[in-house]
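Thank you all for making the time this morning.

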Protein chains: 2
Amino acid sequence: MSVTAASGFTAAGVTAGLKTFGGLDLALVVNEGPLRSAAAVFTSNRAKANPIIWSQQVIADGTVSAIVLNSGGANCFTGAEGFQTTHATAEAVGEDLGVSAGDILVCSTGLIGEQLDRAKLLAGAHLAAVERTANGGADAARAIMTTDSKPKTAVVRRGGWTIGGMAKGAGMLAPGLATMLVVITTDAVLLPAQLDAALRQATRVSFDRLDSDGCMSTNDQVTLLASGASGEEPEPTEFTAALVELCQDLARQLQADAEGASHDIAIEVVGAADEDDAVEVGRAVSRSNLFKAAVFGNDPNWGRVLAAIGTTAAAFDPYEVDVSMNGVRVCAAGGPDRPRTEVDLRPREVHVLIDLHAGSAHATILTNDLTHDYVHENSAYAS
Amino acid sequence: MSVTAASGFTAAGVTAGLKTFGGLDLALVVNEGPLRSAAAVFTSNRAKANPIIWSQQVIADGTVSAIVLNSGGANCFTGAEGFQTTHATAEAVGEDLGVSAGDILVCSTGLIGEQLDRAKLLAGAHLAAVERTANGGADAARAIMTTDSKPKTAVVRRGGWTIGGMAKGAGMLAPGLATMLVVITTDAVLLPAQLDAALRQATRVSFDRLDSDGCMSTNDQVTLLASGASGEEPEPTEFTAALVELCQDLARQLQADAEGASHDIAIEVVGAADEDDAVEVGRAVSRSNLFKAAVFGNDPNWGRVLAAIGTTAAAFDPYEVDVSMNGVRVCAAGGPDRPRTEVDLRPREVHVLIDLHAGSAHATILTNDLTHDYVHENSAYAS
C-alpha cells in the first residue's frame, strides 16, 4: 500500500520513457488534504542536484500539495537548463492540481551530468496527475526504482491513524549516491513543525545509520507529508516512535537490496562514552574496505575492525576493546580470545559487537560487504 | 643498492621461517657510523602495534644503531607477550652489535592478532647480524615484502653524499594497512633535529599523499638514519629537496604495486584556497569507491568526482568547478563539457585534474582503482 496506505493521498506510477530499458519511471504522490503539512530532510552534500535546490525552497513554508519523482536521470550538474526542467515539472503538476508550483516537491535519480528529456518528463507528469488513484502506492514505489531489485514499502498503523512509505536506493548509501529517495505519508493531524521534529529524530536513528559504501549522493531526500484525513491527533512521542519503526524498516530493506552485497552487516557499538562516539566508531568500521572485503570472504578478521576503530577520535583504550562476530568473542581486551575458526560468517546476516568499555552509550550502523558484484555493477553503471 | 647505497651502512635479508610459504622474512639495517642520527614518523592510528610502541620510545633521543624488520606477522593486538617479543628482538640485535637495546628500532608487518614465533624471530635476528654486509640492501628490501610483487628501492646522489631507501606495502595505504614500512639511509652529516624536520616535510608531500584504499595501518613507520660517513654537510634545503625526490619515487612505486589495482590515478587539485583544501578534496575523491570502480570500468564518470568534492569542507562553488580526465575537460563550471566518449581510460596511468577556481594552491593525491582483484586479495588475506 506504500504511500497510499494512509487516507487522504493518491498516487500513480507511469512510464514517461526516461529509462533506457523502459518501464515505470515517474511517480506522483498527491496530498488530497484537508491538511497539506510537510517536512523534508536533504542530502548534506554541497554538490546538490537541481531538484534538491528546488525542493529546499518549496519546503520552507511547510506546505506541500504533491511530490513528483523520476528515475532515469539525476538532473544534477546540468546547469540552468536542468533547473528549468525541474521548475517546469513542478509547474506542470501544479497546473493539473490547480495549486502553485511552489507547493510541488521534485526528486530525480539516475546518472549525474546528463540532461533529462523535458518533453517526456512533462508528458509523464501530466499522465500521472490524470491516472492517480487512492490505490496507486504500489505503482509509485516501482516507478522510483533504478538498480533496485524490488520496491521497498512499509506501513505502520496505530489507533485511528496510519503511516505509509516507499523508498528507493540500492547500495551507495551514506545515505548515498544513486540515490536514496523516501516518501512517507500519514493521515494524522500534525503541524509542519511537529512533522519536522519527528522526521529529524527518525532519520537520525535509521537512514543516517545506514552506510553501505560511504558515498553520499547529490540527490538524497526524505519527505514526510500529512493529510490530517484521519482526524486523529497523536501525541508527538507516540507519532515519532511509530515513524522511527517505519524508517528503520525501510532502512533495513535498503540495506538488504544493496548493490552486489552478499552480507548485511550490523555493527553494534556498546560501552561508548556517548552516542556520537558510538556512531563514529560504527561508521569507521563500516567504511573500511579491508573489513568489508574480509566479510565477503567469510574471514572474521577482527584486526581490521580494531585498525578502523583506531582511526577515530572516540574515547577508548585499544587494550580494553572487545570484539565479537556472530556471537563469538574473537578479541578480548585488545588481544586474541576465541579462535577465528569458531566464527561462521556464511549467513547473510552478520553481527559485529564492539564493546569500547568507555561508558554506557550505544548505536548500531548498518552496512554491507565489499564484493565482486559491487565492483562490477559500479564499474558498469553508466552503460 | 637500497639502504646500503649510502656509505656507513650494512644490511642483510634472511629467512627466519616466519612466513607460511617461506622466503626471506627478516631484514636488518645497521648504521656503522660514525654518526648515529635518526628520525622517524609513525602511523597516526591509535591502535598501534607493539613495534610502534617500542620504536616511539627508541627514537626519542634521536640516536639509533640499527633497525630490524620482519614480515610474516604484524605483532599487533598481541598483548604483553607480543611486546616482550619486540623487546627481546631489540635485545638480541643490541647484544650482537654491542649496543643498548634502547638504540634498536623494530618494525613488523603481516597479519594482526597472531603471536610471532619468538624463537624463530630471535634466531633470524642473530643470523642477520652475522650476515650483514655493505651490499645487503637488495636482500633487505626483499625480506620486508608481504603481498608486494617486487621490492621497492630508490637512490638519490648529490655532490659527495647519497640517500638510499627501501619500502614495502602493496595497496592498503593511507599510508596504510599491511603495512607501509620505509627505511631511508644517508651518509650526509646531519643532526637528529635536522633529519626530523626534513623527514616530516618529505613524508607530508609523498607518503601522506598516497591513499590507495583509505585504510590506515597499525604498523606504518618511515625511518631515516644518518651515518655521516661521507663527511659532507649539505644545506638543509638541499637535503630536504633530495629526500622529497626519493620519497616521491618510493611512493609512486608503492602505488604502482597496489594490491589488485589496474589503474594508477593521480588526482591533481588546482585553484584551491589553500593547500589543506587541495589535499582534502583530492583525498575525498581518492576514497570514493564509486569513482574508483568507475575508473576500473574505464568510465569517465565525472559526476562521482563532483559528488565526492561535495562532501568536503573546502572552499568551492559547485558551479565553478572544472574536471578533466586524461586531458579531456568533461566538466566545465559544474556542467557537461566535452563528451565522455572522448576520454580514453584504458592506459594504466590516469590523470584527473580538478580546478576549484577558489585560489592558487594545489596538491596531488595518488590512488588506485577498485577492482575485482582488490576484493579477491583482501577477502583471502588471512589464508
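Before the first contact, a word on terms: the axes I quote are lines fitted to C-alpha atoms, for helices over the stretch in contact, and the angles run from 0 to 180 degrees between N-to-C directions. Please also keep in mind that what you see is a predicted model.

With that convention, helix α10 of chain A, residues 372-379, packs against helix α8 of chain B, residues 289-296, at an angle of about 75°, and their axes are 7 Å apart. Since angles of 65 to 115 degrees count as roughly perpendicular, that is how α10(A) and α8(B) are described relative to each other. On the side of α10(A) the contact is made by A:Tyr374, A:Val375, A:Asn378 and A:Ser379, while α8(B) brings B:Asn289, B:Leu290, B:Ala293, B:Ala294 and B:Phe296. Sorted by class, this contact has 6 nonpolar and 3 polar residues, and no charged ones.

Let me set beside this a pair that lies within chain B. The axes of helix α2(B), residues 79-97, and helix α3(B), residues 118-131, come within 9 Å and cross at roughly 20°, so these two helices are roughly parallel to each other. The crossing of α2(B) and α3(B) is right-handed. From α2(B), the residues that meet the partner helix include B:Glu81, B:Thr85, B:Ala88, B:Ala92 and B:Asp96, and those they meet in α3(B) include B:Arg118, B:Leu122, B:Ala125 and B:Ala129. By class, the contact of α2(B) with α3(B) has 7 nonpolar, 4 polar and 3 charged residues. As for the spacing along such a helix, an α-helix has 3.6 residues a turn, so residues three or four places apart point the same way.

Leaving aside residues up to four places away in sequence, B:Arg118 touches B:Glu81, B:Gln84, B:Thr85 and B:Ala88.

Helix α1 of chain A, residues 50-58, has A:Asn50, A:Pro51, A:Ile52, A:Trp54, A:Ser55 and A:Val58 as its buried residues. Among the elements that cover them are β3, α2, β5 and β9 of chain A.

Turning to the backbone, the peptide bond from A:Gly33 to A:Pro34 is cis, with omega near 15°, and A:Pro34 is found in the loop between β2 and β3 of chain A. In chain B, the bond from B:Gly33 to B:Pro34 is likewise cis, with omega near 15°. B:Asn75, in the loop between β4 and α2 of chain B, has a phi near 50°, a positive value in a residue other than glycine. With a relative accessibility of 1%, B:Asn75 counts as buried. A:Ala333 also has a positive phi near 50°, but at 42% relative accessibility A:Ala333 counts as partly exposed.

Finally, the cysteines: how many disulfides does the structure hold? Over all chains there are 0. For A:Cys247, the nearest cysteine sulfur is that of A:Cys107, 15 Å away, and A:Cys247 is buried at 0% relative accessibility. The sulfur of A:Cys331 is 9.9 Å from the closest cysteine sulfur, in B:Cys76, which is too far for a bond.

Methods: Residues are numbered from 1 along each chain as its sequence is written. Chains are lettered from A and ligands numbered from 1 in the order in which they are written. This is a predicted model: local features need pLDDT of at least 70, side-chain atom pairs count only at pLDDT 80 or more; totals for chains, interfaces and linings use all residues. Side-chain values use heavy atoms; hydrogens and water are left out. A disulfide is a pair of cysteine sulfur atoms within 2.5 Å. Buried means under 20% relative accessible area, exposed over 50%, partly exposed in between (1.4 Å probe, protein chains only). Helices (H or I, at least four residues) and strands (E, at least two) are DSSP runs, numbered from the N terminus. Angles under 35 degrees count as roughly parallel, over 145 as roughly antiparallel, 65 to 115 as roughly perpendicular and the rest as oblique. A crossing is left-handed if the near helix is turned anticlockwise from the far one by less than a right angle, and right-handed if clockwise. Contact means heavy atoms within 4.5 Å. Ala, Val, Leu, Ile, Met, Phe, Trp, Tyr, Cys and Pro count as nonpolar, Asp, Glu, Lys and Arg as charged, and the others, Gly among them, as polar.
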